[in-house]
Amino acid sequence: MLSVPLTTAAQNPIISGQFTADPTARVFNNKVYLYPSHDILPPEGTRQDWFSMEDYHVFSSEDLVNWQDHGVIVTQNKVPWVRPNSYSMWAPDCVYRNGKYYFYFPSAPAKGGGFGVGVAIADNPEGPFIPEPEPIKGINGIDPCVLQASDGNAYIFWGAGRCAKLKENMKELADDNPKEIVKWGNREMEMVGVNCLKGLPNRQAEGPFAFEYNGNYYLTYPYVRENTEVLAYAMSKNPMGPYEYKGIIMAEHANGCWTNHHSIVNYKGQWYLFYHHNAYSPKDDKRRSAQIEKLYFNEDGTIQEVKPTLRGVGINQANSRIDVDRYSSASEGVELAYLDTANTFRGWEVKLPKKGSYITYNDVDFTGANARTYVTANVKADKNTSIVIRENNKNGKVIARLNLKVEPEGGNNGGMMMRRRSYVGQWHAVTTTISHVPKGVTNLYIACEGEHPASIDWMQFKTPPTYFTSATAAPAKPDAGGFIRRWTILEPIDKPNRSNTVFTDSYLREHFNMEYFPNQFTIVPEDGQRVKVGKQRLTWHKLDSERFNVKLFRFADGLQKQIYGVLFWNVTVINCPEEIKDVRLAVGSNSASMWWLNGEEVLLLSGDRRMVKDDAVSPRITLKKGINILRGAVINGPGMSDFCVRFINENEKPVTEFEIK
Amino acid sequence: MNKITSTLALLGISLTTNLFAQVGQPFIHDPSTIVECDGKYYTFGTGGGGLISEDGWTWKGGAERPGGGAAPDAMKIGDRYLVIYGATGGGLGGGHNGRILTMWNKTLDPKSPDFKYTQAIEVAASDGLEDNDAIDPGLLLDPTTGRLWVCYGTYFGTIRLIELDPATAERVKGNKELDIAIDCEATDLIYRNGWYYLLGTHGTCCDGVNSTYNIVVGRSRTVQGPYIDNVGRDMYHGGGRMVIAAGDSVTGPGHFGRYVIDEGIEIMSCHYEADYRQSGRSVLGIRPLLWKNDWPVAGDRFKGGTFEIESERRGYALELAVDFARQNVQRVGGFFGRGNNDTPVKPIATQKLADVIDTWPKGDIPVRIGDYMFRPHQRWTITPVAEAGGYLGGPYFKIVIEGTNRALAATADLELTTAAEFSGADEQLWRIEQATDGTFRIMPKAIPGQEGLNTKYVLYSIADSTPTLAEWDFNTDNSKWNFRAH
């Protein structure tokens, strides 16, 4: 079965790339499983302005943020009783009982009219589900929901609030259900069960979702209060009622989306309302997408009204992209627009129209951020402007200021290159270091601080890897591959070279052997020791590299030193318990390098080099018992300088029987 | 028979034209994998634009790709063409905040009314500070899973792998970048025979004839790597086995692309940083792609020469069906070499064309296959014919008996003969391609009486001694030939 991880960054709608209506959420095995109906664009030859649903997917999540699509579980072509081209696989439910998962779904039967409700049974919540050959006898309607009550019985609700008891096999209605004669026009029909919404506000009621909490039964349902659906609820002490109407859970969708349909679930102690909206299909409210909000009860058991948000639930990791257009709140005039109206699944942009306009974005986790963390934001503006990101509110500490320099700079007179190209009206990423590191989970306040409007697509707070740590007092060992990771490295000596092509053997011999500082070939530097090279005052740093390759580029960059056109001196002290004969020094370096063991030159890597493991090796040499000094100089033009060094034996295996002081 | 072609051929026969690289104006850097669209071939390069070829041999500018940027790739998925490219940061001195973008087109022909790129979509980016430069993308549609992968990056940090949705060319939601290599750029991914291959360009570009670019490869059983070279070294540690380096008057091959023409007939595309025959310009290169123990190796361009045409089936040689002419050379040394060994040895003459040609019929002479004895009726001179155009990666050749104009020709009944004089007619022109195992496929440009170019019938050993024309089948040695200069 196809299983594709979906990251939706904890926002509404929760799933992108496909439509997900009528979301029924259930908790199985400490995970939330979502069984929505699957709106699609109606195929040619079918009614274009109506619902169209041919199959069901199931999704799961452990954090309500990352949803995994487990693929199709039931499809209209593979259910014996369903008319295969009916595209009427409407709102489903799924429950666990007696070791099996029972998936209930309505559809148009191949024989007869109206809707039936079928069951498909699986051993796992992801399926595979095997559909029963016939729909449940006695149910003519849509939108099944199964309540497993504390009285030990399972009850099925459907349609406009009808409820009947299920047999223990979960596939048939119980024999002792009440029956009533219902008049439809001049027809009389015998219907099983009871209409739990009789006499309650119930105009065009559908989508019943029943659950039990704190000794109360809740029957929640969409109905048309005025022109479109609201989510309402009623309470009872008995599963089959009578129910007392209590009010609204969610009001009509502000944009006129006609339907709403929902489920309510408790996950890890928090209640959530799953519902739908047509966020990805603004011109067609028959293509809907699931959303989530937190739901709260009052002490008397009544439910607090829930407002739909863009932000949804869940915590964003600061180091992943955050679509701040799904904001928690916004000042007046803030505008939302689709990035691509032809493909709404690409999401939105938010425009801060004037100086002082802001959005807030709650629950961003900065764990792991540090002083080197930087922010990258995808932004757009027509004129130079700026955006400020603060913690919590407009008086909060400034996390970063993003300068949007979109207007070209420098001019192109006389054939001179422009110093910076124009980004006017174009999406581009702006990167800057952060000035304040929030702790843990916090809220962002993002405001336009410049004189001109700014649009934001996303932002991300990245923390660069740690390349080095300070060497400890304890001796180090070579790593499993034999690579020596402990080095005392001198800050880079300026050696301006525009390219690597100058690194001929004769250039290197001349420039590696000239004296830059006293005792260059004998010094065993201490951490923090300083030397003077020309006008440069440089410090030795004794470091352990986190990687097998010692990234000199990141060493220099981290110290905010020159990164290109430089020369690095590197020293390490090797302590051998015994003499080791016939080993070779194996080196890869970017760019050229020269290496000395105990004062003797043993290896030169000349020319335009890249750091390739075991690129070149020395002749056979001997590591003497006790202290050996290994010294290397690496010269660099325009590349990312690094090196890797190890000793290998006659069998080309790494030598590791020594300590590094 | 085409009189005009024939006349031109006769006049032009001794003229040397440039038949060494792709002809036309094949000037490009970082060519995308060659894609065929409505009978024409396309490749896109760095900086926007690209080359078009009607026949795969003569290339000129004219392909259109908006967005500029670096090192695109292209492929056909379903009935659409996917183009991916990298937009550079463009900061002072060239920033490393790159972006990878994808876009679709229904056709690659800028003259088609359907030619319209969709809005480019960003699928990956680098922020300028991290160890990655999001340019130089390469595409792989995994034939085993249908999943669409992209490798990208340069020497500035790592080569990364991401996954796209093949239906939309958008990034798969939740897909995280995976570092798979260092120390290369202009990479490409391919799949063959249970292996995934990462082709990386090593060395330095953009320095004319001094550019040190070369293409190296590592392979893996999974697309996520690790990509290991022939000595067990991970490309994430700088490993890589050579696929193609400088040689043949071109330096700096880079930006690999693979194109499968038929089973067992593959080519690789690249650019050469400098072609010594073309002012040292950066040009499109197309070479046979050979596979040795499941490692890709660039074959040499077939340039022609004088050869035995040896059948892979038996090892016999293609020859004129003429009388075997004994050489009147007295046998020295007596029975079983037990003669007088004190007599000094000396070279003796081989059989010459002049010794035998008068014994041959004057008109058409059929061909057969026989044991090779380097006799004149077995020695073929193969020469590219400039006026005849070409096919993907090569020019058409004439195949004549050495020292004559007696030319190998296809017949209407799918057999072979030789015409006393080469006429330049299509049935006397031969498409010669090196197969992935190093043997050659030899096929006539056209079959008399059949419409259009022949892409079906090849020179074929139907028996040890009998050649014919039959359909190409890589899985039989009957289809395969070797050119041996000996």
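Modeller: Let us start with a term: a strand is a DSSP run of E of at least two residues, numbered from the N terminus. Two strands pair if DSSP finds at least two bridges between them. This is a predicted model, in which local features need pLDDT of at least 70 and side-chain atom pairs count only at pLDDT 80 or more, while totals for chains, interfaces and linings use all residues. Residues are numbered from 1 along each chain as its sequence is written, and chains are lettered from A and ligands numbered from 1 in the order in which they are written.

Colleague: Thanks! How many residues lie between β4(A) and β5(A) in their hairpin?

Modeller: There are four residues between them. Strand β4 (residues 55-61) of chain A runs antiparallel to strand β5 (residues 66-75) of chain A, and five bridges join the two.

Colleague: Is Leu64(A) buried or exposed?

Modeller: We count other C-beta atoms, placed from the backbone, within 10 Å of a residue's own: 20 or more means buried, 12 or fewer exposed, and in between partly exposed. Leu64(A) has 23 of them within 10 Å, so it is buried. Asp38(B) also has a positive phi, of about 50 degrees, although it is not a glycine. Asp38(B) sits in the loop between β2 (35-37) and β3 (40-44) of chain B, and it counts as exposed because it has 9 C-beta neighbours inside 10 Å.

Colleague: Where should I look for cis peptide bonds, such as the one that joins Gly241(A) and Pro242(A)?

Modeller: Pro242(A) lies in the loop between β18 (229-236) and β19 (244-250) of chain A, and omega of the bond from Gly241(A) is about 5 degrees. Another cis bond runs from Asn590(A) to Ser591(A), with omega near 0 degrees. Ser591(A) belongs to the loop between β40 (580-590) and β41 (593-597) of chain A.

Colleague: Back to strands. In what order do the five strands of the open sheet in chain B stand?

Modeller: The order is β1-β5-β4-β3-β2, with mixed pairing. β1 (23-24) and β2 of chain B are at the edges; each has a single partner strand, so one side of each is left without a neighbour in the sheet. Within the sheet, strand β4 (residues 50-53) and strand β5 (residues 58-63) of chain B run antiparallel, joined by four bridges. There, Ser53(B) is opposite Trp59(B).

Colleague: Which strands pair with β24(B)?

Modeller: Among its partners is strand β23 (residues 317-320) of chain B, antiparallel to β24 (residues 365-370) over four bridges, with Leu320(B) opposite Val367(B). Strand β30 (residues 416-419) of chain B also pairs with β24(B) in the antiparallel sense, over two bridges; Pro366(B) stands opposite Thr417(B) there.

Colleague: Finally, how many residues of chain B are in contact with chain A?

Modeller: Contact means that the C-beta atoms of two residues, placed from the backbone, lie within 7 Å. By that test, 25 residues of chain B touch 26 residues of chain A. The chain B side comprises six nonpolar, 13 polar and six charged residues, where Ala, Val, Leu, Ile, Met, Phe, Trp, Tyr, Cys and Pro count as nonpolar, Asp, Glu, Lys and Arg as charged, and the others, Gly among them, as polar.
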